Amino acid sequence: ATFQMGKSAVTVGQYRKCVQAGRCTALDAGQYCNWGKEGREDHPVNCVDWAQTTAFAKWAGGRLPSEAEWEYAARSGGKGQQYPWGNDAPTCARAVMNDGDWGCGRKSTWPVCSKPAGNTAQGLCDLAGNVWEWVQDWYHDTYAGAPTDGSAWANLTGALRVDRGGSWILGARYLRAADRDRVRPGGRYDSL
């Protein structure tokens with residue numbers, strides 16, 4: 001099946017338009033949350049839970065990608081490479097990460113698409129670093145029994161959702177296209 005993805009993570013400004021339209025809920029402003037901070041309209045919206053993210057995607061005419069779709073995109077169209085840009089180790093030249101200090105020394109996220117050297121071959125940016133990204137899937141410990149058609153993995157008894165891509169507070173090992181994380185659907189974290 002074919003699918004399309006947005007070029008970047010959703011920005012604070014994009015999310016604000018959904019709030020203004022009455023389709024998304026306003027966010028809490030925390031120490032490292034971008035909502036309510038001056039000059040952060042083009043930063044990725046963070047501190048959003050799974051339901052808020054899903055509401056935005058629906059308002060925008062889309063949906064969250066499945067975990068399989070996300071990884072396919074993060075490997076530049078399913079190539080056998082470790083990162084969106086290839087196999088070279090992550091550094092602050094390619095990703096907003098912890099390369100000795102949070103956010104490459106800024107102690108925050110960066111505006112989306114600030115690291116073009118880290119883009120996929122298709123031009124998608126920030127699939128490694130900046131913020132973790134929610135996907136549709138419920139978390140499972142292994143891929144045993146996972147859908148083989150690229151669709152999202154449902155789980156009626158699941159308690160955790162999957163997020164992918166690493167963030168501005170984590171080091172290189174979390175930025176691999178194959179790395180995955182799990183979080184409560186109601187979690188609103190500055191790295192997500």
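1. The model is a predicted one, in which local features need pLDDT of at least 70 and side-chain atom pairs count only at pLDDT 80 or more, while totals for chains, interfaces and linings use all residues. Residues are numbered from 1 along each chain as its sequence is written, and side-chain values use heavy atoms, with hydrogens and water left out.

2. How many disulfides does a search of the whole structure find? The search finds four, where a disulfide is taken as a pair of cysteine sulfur atoms within 2.5 Å. In general terms, a disulfide is a covalent bond between the sulfur atoms of two cysteines. When the bonded cysteines of the protein chain are numbered in sequence order, the pairing reads 1-2, 3-4, 5-6, 7-8.

3. One of these links joins Cys-18 and Cys-24, whose sulfur atoms are 1.9 Å apart, and with 70° about the S-S bond this link is right-handed. Cys-18 has 0% relative accessibility and therefore counts as buried, a word that here means under 20% relative accessible area, with exposed meaning over 50% and partly exposed in between (1.4 Å probe, protein chains only). Cys-24 is also buried, because its relative accessible area is 7%.

4. Another disulfide is formed by Cys-33 and Cys-47, with their sulfur atoms 2.0 Å apart, and the -95° about its S-S bond makes this link left-handed. Cys-33 and Cys-47 each lie in the loop between α1 (12–20) and α2 (50–59), so the pair ties together parts that are 14 residues apart in sequence. The helices (H or I, at least four residues) and strands (E, at least two) named in this note are DSSP runs, numbered from the N terminus. Cys-33 is buried, with a relative accessible area of 9%, and Cys-47 is buried with 4%.

5. Cys-113 and Cys-125 form a disulfide as well, their sulfur atoms being 1.9 Å apart. Both cysteines sit in the loop between α3 (67–74) and β1 (133–138), and the pair, 12 residues apart, links distant parts of the chain.

6. In helix α1, the residues Val-12, Gly-13, Tyr-15 and Cys-18 are buried, and what covers the buried residues of α1 includes α2. As a rule, an α-helix has 3.6 residues a turn, so residues three or four places apart point the same way. After α1 comes Gly-22, whose phi is positive, near 80°.

7. Arg-180 deserves a separate look. This residue lies in strand β3 (residues 180–183) and is buried, with a relative accessible area of 17%. Its side chain makes a polar contact with the side chain of Glu-67 (2.6 Å) and another with the side chain of Tyr-143 (3.2 Å). A polar contact here is a pair of N or O atoms within 3.5 Å; within protein, one must be able to donate a hydrogen and the other to accept it, and residues adjacent in sequence count only if both atoms are side-chain atoms. The backbone oxygen of His-140 lies 3.0 Å from a polar atom of the side chain of Arg-180.

8. Which residues does Arg-180 touch, not counting residues up to four places away in sequence? Among them are Trp-132, Tyr-139, Asp-141, Val-162, Asp-163 and Arg-164, where contact means heavy atoms within 4.5 Å. By comparison, the C-alpha atoms of Arg-180 and Gly-105, 75 residues apart along the chain, are separated by 24 Å.

9. The lining of the largest pocket divides into 20 nonpolar, seven polar and four charged residues. For this count, Ala, Val, Leu, Ile, Met, Phe, Trp, Tyr, Cys and Pro are nonpolar, Asp, Glu, Lys and Arg are charged, and the others, Gly among them, are polar.
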